[in-house]
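Trainee: Please take me through this structure by strand pairing, core and loop. I will ask for one item at a time.

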Amino acid sequence: MSDFDPHIVDSLGNVRLAGNFNYIKCIDPASFEDKEDPLDQGNHVIDPSKAFEIQVQWTISGSDAHARLLALSPGNWFVRAFAESIGPGTDKDLGQVLVSVSPTTFTYNAILVVPAGTLVESNPGDSNNSGLYKIACSCFLDGPTPPSGFPGLDIIGFVEGPLIRMENRD
């Protein structure tokens, strides 16, 4: 699932403001350990003893996109990632990064580094933690407080990402 608010379309069907996630990826450090070994390629099984990255890219479009971004410049996108435990376990806030807004930039990129030890693996017989997580991300652009009765200029997008499993590879 991916969604941006506001999504503004005029009465003629012309898109005035829209947002789109191009991707959300978890980059497994195993993908980079040994490029010569075809068996050592990253997947959605991540070693919890190593840091990994979450990469997000999104695009703002429509006839009002430039004006909206200009009104919110200088400012920052607040990009925040979460891990929701699937089955028993603890949900985690994986961190936040800021991405500068520019009225002439319509595609944005963020990389969040998740420190080693943030998510835990499941051990055989452990009924308290599945070691399985769904990654989700929000990109929020905070606007000034509008006068009473007027809509704000905020933009927010949400995206659900991949399922990952934490498993120690040592």
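**Strands, core and one loop**

Trainee: Is Phe78 in β6 on the covered face or the uncovered one?

Mentor: In this predicted model, the covered face of β6 holds Trp77, Val79, Ala81, Ala83 and Ser85. Side chains in a regular strand alternate between the two faces of the sheet. Phe78 is listed with Asn76, Arg80, Phe82 and Glu84, on the face that is uncovered.

Trainee: Which atoms do the side-chain values use?

Mentor: Local features need pLDDT of at least 70 and side-chain atom pairs 80 or more, while totals for chains, interfaces and linings use all residues.

Trainee: What pattern does the protein chain follow along the sequence?

Mentor: The chain has two helices and 10 strands. These are DSSP runs numbered from the N terminus: helices are H or I with at least four residues, strands E with at least two. In sequence order the pattern reads β-β-β-α-β-β-α-β-β-β-β-β.

Trainee: Which residue of β9 stands opposite Val79?

Mentor: β6 is joined to β7 by eight antiparallel bridges, and β6 also pairs with β9 over nine bridges, again antiparallel. Strands count as paired if DSSP finds at least two bridges between them. On the β7 side, Trp77 has Val99 as its bridge partner. On the β9 side, Val79 stands opposite Cys139.

Trainee: Which residue in the hairpin of β6 and β7 takes a positive phi?

Mentor: Six residues lie between the strands of this hairpin. A phi near 85° is taken there by Gly87.

Trainee: Which are the edge strands of the open sheet of four strands?

Mentor: The order is β2-β3-β5-β8, with antiparallel pairing. Two bridges link β2 (residues 8-9) to β3 (residues 15-27), with Ile8 opposite Leu17 and Val9 partnered by Val15. β3 then pairs with β5 (residues 52-61) over nine bridges, where Ile24 faces Val56. The strands that pair on one side only are β2 and β8.

Trainee: How many residues does the largest nonpolar core have?

Mentor: A nonpolar core joins buried Ala, Val, Leu, Ile, Met, Phe, Trp, Tyr and Cys residues through side-chain atoms within 4.5 Å. Residues with the most contacts inside this core include Phe52, Trp58, Trp77, Val79 and Ile164. Elements giving two or more residues to the core include β3, β5, α2, β6 and β10. The core's residue count is 35.

Trainee: Which residue of the protein chain touches Cys26, His44, Gly131 and Tyr133?

Mentor: A contact means heavy atoms within 4.5 Å. Of the chain's contacts between residues at least 6 apart in sequence, 72% join residues at least 24 apart. Leaving out residues up to four places away in sequence, the list of touched residues also includes Ile46, Phe52, Leu119 and Ile135, and it belongs to Ile164.

Trainee: Why does Pro115 count as partly exposed?

Mentor: Pro115 lies in the loop between β8 and β9, and its C-alpha is 8.8 Å from that of Glu53, 62 residues away along the chain. Buried means under 20% relative accessible area, exposed over 50%, and partly exposed in between (1.4 Å probe, protein chains only). Pro115 counts as partly exposed because its relative accessibility is 47%.

Definitions and conventions:
Residues numbered from 1 in each chain as written. Heavy atoms only, no water.
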